[in-house]
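Let's take a quick tour of a protein model. Have a look at the structure first, then read on for the main points.

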Amino acid sequence: MKRILCVCGLLLSVAAVSGGQMESTSPVAPLPVDPAVKLALAGISAEHVKADIEKLVSFGTRNTLSSMDTELPPEQGVSAAADWITSEFKEISAECGGCLEVKRDEFMQPTQTGGYGRVPRPTKLVNVYAILHGTGGDKAPWVLVTGHYDSRATDVMNDKLTSPGANDDASGVAVSLESARALSGLSKAGVKLTGTMVFVAVAGEEQGLLGSLHLAQLAKSEGWPLGAVLNDDIVGGDTTPGETGQDKDAVRVFSESVPATATPAQQQMMLGLGAENDSPSRELARQIAELAPSYFKPVAVQPPAKNGVRSQMMRLLPGFHPVMVLRRDRYLRGGDHSSFNAEGFAAVRFTEWRENFDHQHQTLRTENGVEYGDLLKFVDFNYVVRVARLNALTLASLAAAPSEPQNVHILTKALDNNSELTWDVSAFAPAGTTYEVVWRDTDEAQWTHSQSAGAETHLKLDVSKDNVLFGVRAVSAAGDRSLPVPPLPARR
Ligand SMILES: [Zn+2]
């Protein structure tokens, strides 16, 4: 958060700016494709995804409250599911020579009282996670992917009912597991990723984001340098006979605008700068949308002018692609990314294009010919594969990048039509790190222009700062980019 909100940079001594005005700029180049990453992504298979989701469904219920049920048959209930996820991470680790550190974050959730309480008695929760440590040491960035393994029926307090939760959210857990499998394979193949990756399955989402809240607080208290959190929740690509609105080529990426942790003063500053569309979470969503085409090769077409609604046009684009939705989450709904936002981390949510609400949070039944329930048969395993590949490539690229540049400023003392930016080197900047200024018109969704500053830490551009939005990011020798940092104004 500090990159947008800290005003301490205003007090720093004036850095010498010797960069000349740049003569030419270029469009933002596509992310270079890493053949090893491409190979790893290709290894994410529908067979594995299907096996993961089938196994999770087999536990009957994964309602969080079932952890305290002592009369469950063997291999039933949320605790058995947690044990299976743990063993699965350990198996993946064994395949890469023990490259994963598999851990469990176990705690007792006290009874919740009040109207919204969904924990009627002290209840054990277990978050399961696996860490793939990078080679870059303490300052290299961390990235995290998560899904929730608990499930529910219509009555969230009833842990006796069958609750398959195939889409919500065994699909998201499959993304975590298969990302771990693919990227630990990279490690086994000798590819050195400098950043650290954390693969997570959390409990207690349906009970009120309880597992992710605990894990986000643990991450904060242990000082994990998390640069990006990817939450996959309902990424099964619901397939209902007769449904024509689903788009298997699109996945939504939700991100908050003003950070949850912004103080009123910080909010005022963001409003003054027009920075409300450049929160760390929004930069993460933007980066996902930017890097996806390198690996998914969308077909460029002129979308037909259907009815003027952008979402309709986006839906008609062929080729798998993320669609940025510029809000924290859907109406009436929340997700685990918000727990990480609440602790100040950049976090986004992936969700399928069109949800079928008959197949979520529903007790299994058929009424008036409508089949209710979150059943395995409605999940499209190939769709989950593509979402998993998008997650894995985001993790791999960010884990191969330097950390973000620090103390990024735009100089505002002179009333002129130039833009002069300064910054400090990244805390983690391996040999060959360069810096790049990116910008876009204020009504553009994506960065449209870039200019490399090489290894320098300042750049002057013949572009009016009043008309565009800027970011500065660090670029590795291989071309992987940190998230961009928007500049704060500095009167010097
Ligand atoms: Zn969910």
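Among contacts between residues at least 6 apart in sequence, 78% join residues at least 24 apart; a contact here means that two C-beta atoms, placed from the backbone, lie within 7 Å. Keep in mind that this is a predicted model: local features need pLDDT of at least 70, side-chain atom pairs count only at pLDDT 80 or more, and totals for chains, interfaces and linings use all residues. Residues are numbered from 1 along each chain as its sequence is written.

**Overall build**
- The protein has 11 helices and 18 strands, which are DSSP runs numbered from the N terminus (helices: H or I, at least four residues; strands: E, at least two).
- Along its principal axes, the C-alpha trace spans about 75 × 50 × 50 Å.

**The inside**
- Buried residues make up 49% of the 492 residues; buried means that 20 or more other C-beta atoms, placed from the backbone, lie within 10 Å of a residue's own.
- Leu183 touches Ala392 and Ala396, among others, not counting residues up to four places away in sequence.

**Strand partners**
- Strand S14 (residues 434–441) runs antiparallel to S17 (residues 468–475), joined by eight bridges; strands pair if DSSP finds at least two bridges between them.
- Thr434 sits opposite Val475 in S17.
- S14 also pairs with S15 (residues 449–454) in the antiparallel sense, over five bridges.

Definitions and conventions:
A residue is buried if 20 or more other C-beta atoms lie within 10 Å of its own, exposed if 12 or fewer, and partly exposed in between; C-beta atoms are placed from the backbone.
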